[in-house]
Amino acid sequence: MSLQMVTVSNNVALIQPGFSLMNFDGQVFFFGQKGWPKRSCPTGVFHFDVKHNHLKLKPAVFSKDSCYLPPLRYPATCIFRGSLESGKHEYIIHGGKTPNNELSDKIYVMSVVGKNNKKVTFRCTEKDLEGDVPEARYGHSIDMVYSQGRSMGVLFGGRSYIPAAQRTTEKWNSVADCLPHVFLVDFEFGCSTSYLLPELQDGLSFHVSIARNDTIYILGGHSLANNIRPANLYRIKVDLPLGSPAVSCTVLPGGISVSSAILTQTKSDEFVIVGGYQLENQKRLVCNTVSFEGDKIEIHEMETPDWTPDIKHSKIWFGSSMGNGTVFLGIPGDNKQATSEAFYFYMLKCAEDDANEDQKTLANSQTSTEDPGDSTPFEDSEEFCFSAEANSFDGDDAFDTYNEDDEEDESETGYWITCCPTCDVDVNTWVPFYSTELNKPAMIYCSHGDGHWVHAQCMDLAEHTLIHLSEGSNKYYCNEHVKIARALQTPKRAPPLKKPPLKSLHKKGPGKILTPAKKSFLRRLFD
């Protein structure tokens, strides 16, 4: 095992705890920045280009028929193939946290539709599910199993916000373990079925999962209800006949106590577990090998890398597998120095240099950082604000660095949101409409219902109005929902109507003079 420090040339602030890495035919792509897609890449997905221990983030391109993919932290990801023998693969993305700290329940499928020497073009589609739809969550796992010519997704664990009826101002962001249900997801027909297995008593999160043919192995994880990391090892076997699937679970000996570890595949039947935590705020510096021989699984400690003093003494660490036996790690920088970086990064190579580059990886583990509620409480304290974009980058150099190599990519990068039926923002335009939004169309959040984003251009918002709304906490409603919002508002109390006194009727003035005949008539009328 070899450990090398990595320098990041641009947009280092994008790499935060909770990100994911996806490997498409040896090319690694970064996904899951903490904020909404930034000016340097409206898609929010970057090519993770590492050469000579130097990392460069290059913006990725999506096809015009792609759906919008929000940057999600702590999602569950896995590789999906039509069959075990298929060379082409896609990535399944489920759940995770949005930049507004909301949880997603959506499923996205990422695939490559175009590739040349300079760039890769992706397509992202959203999958709708019916049946027992898994609730929104994060810190869980999703894997693919293959049995009798069929394939299914297996989703397990994670955390979710407490029910809305129990959420108060003080406990608004409180989370709880999801129920220990196992979900089988059929991506071909878009249906999901949940199973409650007696062997699974706790809803574990940030565990490690390994998929092999028709079997999923679950080890480690953290139970929030009991605040323990049980040394359990579960084997979930899925049989997919023509009829109803059969799901069974077996408790195996030899598990390890760990959460938020990174799993990387080094051989066809061997994996390495790196990082994680053994206690709250106590890192686990031991590495393990997981080897298979038929249905038999063995877990052993292995020689640890030569950890640097910075890694040993840091309270937290995070990262993800780059594939091919390589792990990308990050630790907090030294805040005592004014010029210190927010994070320092390392690459740990667990496989030999002659490892097969086209290795068929069927492994999955949660984003390797402990949940914010456990070891990084500051993670949930930062709310998204419009004014944060300008200082979230490394200055003009971050933007200019991209254009030197990928100038032609700018005209094809889309910001794919149709905010209203009359939306006329060109998805292929990368030109600022307002100076406040730098290099993406200015957007504002409509507070109607669950909320949604709209373009300031389509809403005819003046720039000073946009700045006013972004600086305060005022709610904004788009053109389609502003009438509904006004109807729900309590009408202002109107002052009572002033009635003139009766004596004013007897005052003389223009048109008020009584002739002797009128006086006589009124006297007879009232007498």
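**Overall architecture and the annotated binding site**

Of the 527 residues in the protein chain, 51% count as buried. The model is a predicted one, and its chain contains 5 helices and 33 strands. Among contacts with a sequence separation of 6 or more, 59% are made between residues 24 or more positions apart. The chain exposes about 26,000 Å², of which carbon and sulfur atoms supply 51%.

An unreviewed UniProt entry carries the annotation "binding site" for Cys446, His452, Cys478 and His481. Although these residues span 36 residues in sequence, no two of their C-alpha atoms are more than 10.9 Å apart, so they gather at one spot.

His452 lies in strand S33, which comprises residues 452-455. With a relative accessible area of 22%, His452 is partly exposed, because the buried class requires a value under 20%. When neighbours within four places in sequence are left aside, His452 is in contact with Cys419, Ile444, Tyr445, Cys446, Cys478 and His481. This set includes Cys446, Cys478 and His481, which the UniProt record also places in the "binding site".

His481, by contrast, is located in the loop between helix H3 (463-471) and helix H4 (482-488). Its relative accessibility is 16%, and His481 therefore counts as buried under the 20% limit. With neighbours within four places in sequence again excluded, the contacts of His481 are Cys446, His448 and His452.

Terms used: Residues numbered from 1 in each chain as written. Predicted model: local features only at pLDDT ≥ 70, side-chain atom pairs only at ≥ 80, totals over all residues. Heavy atoms only, no water. UniProt positions renumbered as here; feature names shortened; annotations may be inferred. Helix = DSSP H or I, 4+ residues; strand = E, 2+ residues; numbered from the N terminus. Buried < 20%, exposed > 50% of the residue type's maximum accessible area, 1.4 Å probe, protein only. Contact = heavy atoms within 4.5 Å. Areas by Shrake-Rupley, 256 points an atom, 1.4 Å probe, with all protein chains shown as cover.
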